[in-house]
Amino acid sequence: MADSIPLSGATDLTPEDKHSRLFLEVMHEWIVTTDHKKIGLMYIAASLMFLAVGGIEVLLMRIQLAVPESKFLTPEHYNQLFTLHGTTMIFFVAMPILFGFANYMVPLMIGARDMAFPRLNAYSFWIFLFGALLLYFSLIGGKGIYGGSSVPDVGWFAYAPLTSKAFSHGNGSDYWALGIFITGIGTIGTALNIVVTTICMRCKGMKLSRMPLFVWLMLVTSMMAVAAIPPLSAAQIMLLIDRHLGGHFFDTQAGGSAVLWAHFFWIFGHPEVYILVMPAFGFMNEIIPVFSRKAIFGYPAMVAASVGIGFISFTVWAHHMFTVGMGAAANTAFVLSSMIIAVPTGIKIFNWLATMWGGKIQFTVPMLFCTAFLFQFTLAGLTGIMLAVAPFNWQLHNSYFVIAHFHYVIIGGILFALFGAFYYWFPKMTGRMMSETLGKWHFWLFVLGFHMTFDFMHIVGLLGMPREIYTYEPGNHWAIWNMIVTTGAFVQAVAIIVFLVNLVRSHFKGELAGNDPWDAWTLEWATTSPPPSYNFAEEPMVRSRRPLWDLKHPEDPDWKYEFETENEMTAHR
Amino acid sequence: MTTIPFPYDVKDDPWELPYRGSVGMWCLITAELSMFLIFVVAYIFYMGKSLSGPTPKEVLHLPVFDTICLLSSSITIHLSVNGLKKNSQMVFIGWLAGTVLLGLIFLLGTAKEFTDLIYKHNFTISTSLFGTTFYSLVGLHAAHVIIGLLMLSVVLVLGLFGRVRQEQFNHFHSLSMYWHFVDAVWVVVFTVVYVVGR
């Protein structure tokens, strides 16, 4: 008889030595740690810090844009702010926070004791942090060799030839290129680590076909990151060669091409969007089934759709460039590939809906965020399809409609899923529950602020307001919408403050969570909250996609229904 | 219902996962390939688009000897890996030393080529678009040869002190994958820069 799953010995019950430690000892422990959970938490903490920085930057920009002909910011400062905001939010907030969750969860979910390369993991985190600090050092760094300001002011995509020596006098573009290049090394390191961990460190019985979908999504994301970040690094090396060694890569006067930079940037840039959204899909895949009290609908289709998105995302980059004049053939090809990628994404949306269909849905805070994700991400996808149509794109490119579209993806989709993940896994990470009351305040305020800001941003975009302008004239009907957008931004800021208060308060005063507060099914809930440094005292063994379901329901385990080969099926009959 | 037995026991299942060093090296090679791809694309895209300066035909010569040396080093490192697998220290160290030597010859060849171009033809990275793409692509490859040589030399020195044993076969095999990759990329660089581009 092999009914009981040997998970009982998951933890070592010897009481821990609880003497009080010096502050320095604690600091030392965190700095030298190679524990994937501590590194994951440091990733998340660093990202939250940069979220605050990037958020303050955008609030300053929104104050400037709230009324026409505002004198709150100078044009130079405005340029610097939108460059720092975009760069910070993508490279120092979204990517590291998602990799932070992956760092924490992937080894636990596959029943491993740590990542495949723990020291590489620590290295990746620290090189990311110092790369990010290098970019912000530009704020206090000296004037550039040509006397210009050293704060990057070329936009997060740093289009050539604006970054050439002739137009970017200070060292701003150098700080941008080097800072991102260095954080890129950390990103590639972490991504490589996640790929190797999922391939080589799975516990017994954790076949690829039984991996939690979050792990699957992180595997695909990390493979994409390994292939997509180096083109950006290569382009940044070229930029630095141009600026410091007198090269001509993007120098049109010597025969170089500014459009080539745009191609190279978006060859990185579009897979990057999917690198950000796939972990969010992963959160959805874990949270929705648990709170619908049903197994995920269409597991193989979900895996296939994820891998499909991974491949197709490398073929759509030039839909960011319909206005440069690539010709009808190239435009058509990128219109088609951009529309095709909506198919696997649609499959995912329908699978989540089918998971919820007929389930006993519990609207806890994580589930609220996931439900909002479904609505908002679908809308974001629809404006994406609109913008993928080249003639429509010619009309609205570089307008606030585009800004509204991608913020709908990144905030309405990714950030909502991330908040869901915070409320869902906070009990595992700290051993305490987050407050549901504050969580609901956070959710409803954020929904209100989000829709005030980004729904109306579509309208001001349709009215023709271009992006990256520091002010505008009164009398073209933009002012009222901009005022609403700015108000919404402050409502979102209040919601984020509620969230941060909730995080800190729950960490000290939240009610104790126990090992498995949500009655969930994946392996991380089998160990204590927070998990011990070794994760599992005894290597777990799994027989199905929901090992904890099998453990809790020995009378009706999942492995009775999951067959992969004819042999297993006949053996069962 | 508990009487239904599980079709097979997980404990008895064979559970072999690939060695993490090789998988890690494959990931690193993917990342490096992706980076080289961008430089190669830039080279091909800018072929013949220089507005001034010497043409490739005027200044470049086919580095046939260097290429033979570098490509043979793939064979020697393979023999060296096989030597370690069979625990024959002589074979392992001999062929490894041969690999390092061949790599050094290649590197010296590149150094001589660059020196000639800079001092005899006055052709540098800032001369023209061709100079920029040529030095960055060939230089990027040379940088990878240097990194590979440094790592191989570390293994060689440790091997001479008798510190590399059969247990380290997996590690050395991963390193050899990197060296094969450096050689394979040279085939592409050679074809693009010296055959098609000339």
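Start by selecting Ile180(A), which sits in helix 5 (residues 172-200) of chain A. Is Ile180(A) buried or exposed? It counts as buried, because 25 C-beta neighbours lie inside 10 Å and the cut-off for buried is 20 or more. Now show its contacts: beyond the neighbours within four places in sequence, Ile180(A) touches Thr87(A), Phe91(A) and Gln236(A).

Next, select helix 6 (residues 213-244) and helix 7 (residues 258-292) of chain A. Their axes are 8 Å apart and the packing angle is about 165 degrees. Helix 6 of chain A is therefore roughly antiparallel to helix 7 of chain A, since angles over 145 degrees count that way. The contact between helix 6 and helix 7 of chain A has 24 nonpolar, three polar and two charged residues. Turn the view and you can follow helix 6 of chain A past helix 7 of chain A in a left-handed crossing.

Move on to another pair, helix 13 (residues 400-430) and helix 14 (residues 436-462) of chain A. Here the axes come within 8 Å and cross at roughly 170 degrees, which means helix 13 of chain A is roughly antiparallel to helix 14 of chain A. This crossing is left-handed. Show side chains where they meet: helix 13 of chain A brings residues including Tyr400(A), His407(A) and Tyr423(A), and helix 14 of chain A brings residues including Gly439(A), Phe450(A) and His458(A). By class, this contact has 13 nonpolar, five polar and no charged residues.

Now for some backbone details. Most residues other than glycine have a negative phi, and most peptide bonds are trans. In the loop between helix 4 (118-137) and helix 5 of chain A, find Pro161(A). A cis peptide bond joins Ala160(A) to Pro161(A), with omega about 0 degrees. Ala158(A) lies in the loop between helix 4 and helix 5 of chain A, and has a positive phi near 45 degrees. Ala158(A) is buried, with 24 C-beta neighbours inside 10 Å.

Then jump to Glu468(A), in the loop between helix 14 and helix 15 of chain A. Its phi is positive too, about 60 degrees, but Glu468(A) is exposed, with 12 other C-beta atoms within 10 Å.

Finish with residues 1-8 of chain A, where pLDDT stays under 50. Where pLDDT is low, the predicted coordinates should not be read in detail. Chain A as a whole averages a pLDDT of 92.

Notes:
Residues numbered from 1 in each chain as written. Chains lettered and ligands numbered in written order. Predicted model: local features only at pLDDT ≥ 70, side-chain atom pairs only at ≥ 80, totals over all residues. Axes fitted to C-alpha atoms, helices over the stretch in contact; angles between N-to-C directions. Helix = DSSP H or I, 4+ residues; strand = E, 2+ residues; numbered from the N terminus. Parallel < 35°, antiparallel > 145°, perpendicular 65-115°, else oblique. Left-handed = near helix turned anticlockwise from the far one by under 90°. Nonpolar A, V, L, I, M, F, W, Y, C, P; charged D, E, K, R; others polar. pLDDT = per-residue confidence, 0-100. Contact = placed C-beta atoms within 7 Å.
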